[in-house]
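Please keep the sequence and the structure in view while I talk.

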Amino acid sequence: MPYLGNEDTVRDLRRALANPHVQSDQLRYRNAILKVIRLMSQGVDVSSLFSEMVKACATVDIVQKKLVYVFLCSYASLNPELSLLVINTLRKDCQDPNPMVRSLALRNMTNLRLPSLVEYVEQPLTAGLKDRAACVRRVAVLGWAKLHNLQPNSEIDAAVVNELYSLLRDTDPVVMVNCIRALEEILKEEGGVAINKPIAHHLLNRLKDCDVWGQSEVLKILQRYQPQSEDELFDILSMLDDSLVSPHPPVMAATLSLFLGLCSALPAVSLAALERVRGPLLAACGSASREIRFTVLCHIQLLLRSVPGLMGAHYKRFFCGYAEPAYIKQRKMQVLVELVNDDNIVMLLDELKEYCTDVNTDTAQAAISAVGRIGRSYSDRCLAILTGLLGLKQENITSAVVQTMRDLVWVCPQCSETVCSAIEGCEDILQDSQGKQALLWLLGTYGDKVSSAPYTLEVFIDRVRCETSPAVKMELLTATLRLFLCRPAETQDMLGRLLHYSIEEETDMCVRDQAQLYYRLLQCGIDETRKVFQGRRSDPSLGVLIGRPAEPVSQWAHIFNTLKPLWQSISETDTVNIRSCQHTASDPSSDLSGTLHSRQLESVQAESSSDNTPLPADVLATSAFVPLSLLPALTPGEFERLWLSGNVSKKGQGVEHAEQEDGGVSETELVQCRNVSHSSPQSFQAAMQLVNIQTLAFTPPHELPWRVYLYTHTEAPPCSTLILGELLYTGKANEGGGEQEGTGDGENANKTVVGGRTESQANNEDEDASGRRNSTDLESDNGQIEVKVTLKQQPRDDKALRGFLSILTTVLHALSSERE
């Protein structure tokens with residue numbers, strides 16, 4: 001354990017620093033100061049030596065000055081009064097003939113970061129901008145940025161800003177780059193540095209003089225400039241051509257980002273630029289830095305979305321090395337999946353097969369998942385590999401293979417026969433909940449093809465009291481009931497035992513409620529149960545992996561050379577798999593063939609065109625304006641906390657909006673539709689999930705008041721927003737008047753016109769001839785009712801909110817039409 005010192009040590013150092021004999025010996029004095037710095041770095045409180053260290057800064061020894069300045073900058077905030085004693089010495093050093101001393105004094109003067117010293121610092125910084133030494137000008141430029149951060153509300157003198165703009169033409173490239181950084185900080189509220197044509201061309205001409213990070217900074221700033229003509233655009237592109245193939249990855253990435261921004265209207269030029277950076281990207285994949293390799297792999301994934309064959313001939317460069325970390329291996333495997341074709345399929349599968357038995361569990365599971373994704377296009381080859389892995393009888397490998405097979409048959413139903421024959425006997429090996437859920441889903445969905453399905457389920461039912469995962473129990477309920485519909489004689493007894501345990505003995509509320517739901521559903525008859533449960537078993541509409549259309553570069557150009565590709569750890573295809581499996585596991589009827597027919601959507605579209613109602617859900621869900629997402633998932637507790645958060649009501653011009661304190665918005669609409677409250681919960685939940693809207697809770701049908709709570713995420717750039725919603729049908733007349741009751745939290749909301757009628761008009765139209773209103777229903781003459789839709793959004797995005805409401809309205813129309 002290192003010796004950290006004590007009060008006696010600090011006292012001895014104070015005595016040594018004050019000793020005239022030590023001060024006269026430069027070497028001994030420096031060693032004493034060095035001991036102080038060493039104690040400070042080890043965490044000892046040496047602030048009591050501040051006055052002695054202030055005296056020590058008055059020296060011609062540059063090494064001693066540096067040591068003392070480190071101490072003073074660390075403890076200046078604790079001794080603001082004594083720090084004033086340092087200013088005179090620092091201002092004197094700012095006029096020293098040695099430029100190193102001048103730059104050192106100017107840097108530490110700004111590093112003291114005391115508001116009381118600002119008036120003493122401005123004059124040396126102004127003089128430093130015109131100093132003949134470049135090192136002093138570099139420090140002075142950044143010093144003004146530090147000064148602005150110290151007092152962000154104060155205004156910087158316009159003369160200083162003009163001087164910084166003039167220093168953009170300084171002969172020293174570091175001074176030029178520092179000016180860009182300083183102006184960006186000082187003019188942040190005004191949008192940063194203003195780039196015009198002379199400045200842009202000057203920066204381009206000086207680009208080669210800058211270092212790597214300076215070039216990256218200049219290229220980033222140049223993205224704000226828009227060429228005034230096509231000739232100027234191509235001149236700029238010609239000047240950037242050498243930087244596009246730079247051996248330095250930061251410069252290459254910044255140049256490509258600038259290329260994509262300038263050529264947004266020239267897709268052919270953008271694709272040519274992507275072809276040019278292939279060599280530098282492949283070279284960066286072999287970098288000694290793991291961070292650079294990971295970043296390059298993430299950005300290569302972006303490029304492959306628009307040019308799938310860009311790296312096809314170089315797929316071997318993405319084979320995993322033995323000593324590489326797991327996160328790089330997983331990224332490389334994601335890239336390999338994108339590069340598969342008829343020529344390299346054999347070699348790629350052989351390579352991925354080796355990774356499937358990796359000692360690292362995450363790497364092995366990622367390799368198995370990659371094989372499953374390739375199986376969408378080469379199912380026979382991949383199923384042979386997956387089946388062979390099951391023969392190893394290892395827990396983590398078996399779990400990953402079963403989950404992959406479940407995902408594969410969801411997309412490729414033609415693989416069901418092979419999968420059903422391969423999963424027999426896996427129940428004894430699986431121990432984790434994810435693998436058990438996947439196996440139970442397969443047994444429930446394809447139980448008619450698995451001869452031992454009833455006996456396998458019986459094993460799970462016999463062990464249900466020992467099962468700790470509620471998700472496995474819920475999946476077991478669904479699988480047993482599905483198997484009962486196709487093999488009733490073998491399953492009836494075990495289904496009864498499972499329902500009895502789940503209703504009478506189970507302590508988890510979700511499992512008990514699901515069991516009660518299935519029990520009541522069976523009481524309605526087998527035919528009604530079959531309508532709910534026997535939905536489609538797969539989703540071929542997801543398509544195959546190979547042959548999908550290339551995306552326009554403009555869809556991802558704005559996130560290139562940013563951090564966003566790095567934290568997107570799940571690719572789009574994996575996200576689709578996760579969503580589909582989540583839907584199927586939580587909902588026994590994910591089939592909407594009996595709920596949302598295309599003919600119904602077309603009829604809704606025709607109705608919308610005549611009544612100025614929103615567009616169909618299948619159009620809006622894929623719209624570029626309001627893409628919806630179920631991820632990240634929201635728990636009921638988080639939903640309740642966000643829903644009950646405080647709101648501030650603001651009125652203006654007769655319209656009332658509820659704006660949340662944190663920048664969100666709350667709004668209420670009245671939607672006219674047929675009695676959607678009679679729809680079954682399974683059909684309603686499946687319909688919402690089809691358009692990526694998640695329902696958290698809903699009232700049983702035919703009960704009033706009828707409520708549904710739901711949420712979704714909008715993925716429109718530049719940021720995503722969270723939308724919470726409540727559907728309310730009370731069966732009674734809403735109160736007219738200036739204010740409208742909130743939905744459980746007392747907030748006021750805006751009443752708008754829906755379908756050409758306001759809320760008060762809707763109430764008046766439902767009155768009978770005697771002036772009384774039917775208190776049990778809000779149905780009008782044409783069978784329409786009014787469902788109150790309350791939406792809360794964070795952060796605010798009015799366009800996304802209206803688009804979400806349009807999608808929601810269309811789904812409600814389609815559901816109510818099915819009920820008719």
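Let me begin with helix α9, residues 134-150, whose 17 residues reach 25 Å from the first C-alpha to the last, close to the 24 Å expected at 1.5 Å a residue, the expected span being 1.5 Å times one less than the number of residues. Bear in mind that this is a predicted model, in which local features need pLDDT of at least 70 and side-chain atom pairs count only at pLDDT 80 or more, while totals for chains, interfaces and linings use all residues. Residues are numbered from 1 along each chain as its sequence is written, and side-chain values use heavy atoms, with hydrogens and water left out.

Helices here are DSSP runs of H or I with at least four residues, numbered from the N terminus. Among the buried residues of α9 are Arg137, Trp144 and His148, where buried means under 20% relative accessible area with a 1.4 Å probe, protein chains only. The buried residues of α9 pack against α7 (99-111), α8 (118-128), α10 (158-166) and α11 (173-186), contact meaning heavy atoms within 4.5 Å.

Turning to the second topic, the axes of α28 (residues 470-486) and α30 (residues 509-523) come within 9 Å and cross at roughly 15°, the axes being lines fitted to C-alpha atoms over the stretch in contact, with angles from 0 to 180 degrees between N-to-C directions. That makes α28 roughly parallel to α30, a term for angles under 35 degrees.

Finally, Gln514 lies in α30 and, at 11% relative accessibility, counts as buried; leaving aside neighbours within four places in sequence, Gln514 is in contact with Met474, Leu477 and Thr478.

Notes:
Helices (H or I, at least four residues) and strands (E, at least two) are DSSP runs, numbered from the N terminus. Angles under 35 degrees count as roughly parallel, over 145 as roughly antiparallel, 65 to 115 as roughly perpendicular and the rest as oblique. Buried means under 20% relative accessible area, exposed over 50%, partly exposed in between (1.4 Å probe, protein chains only).
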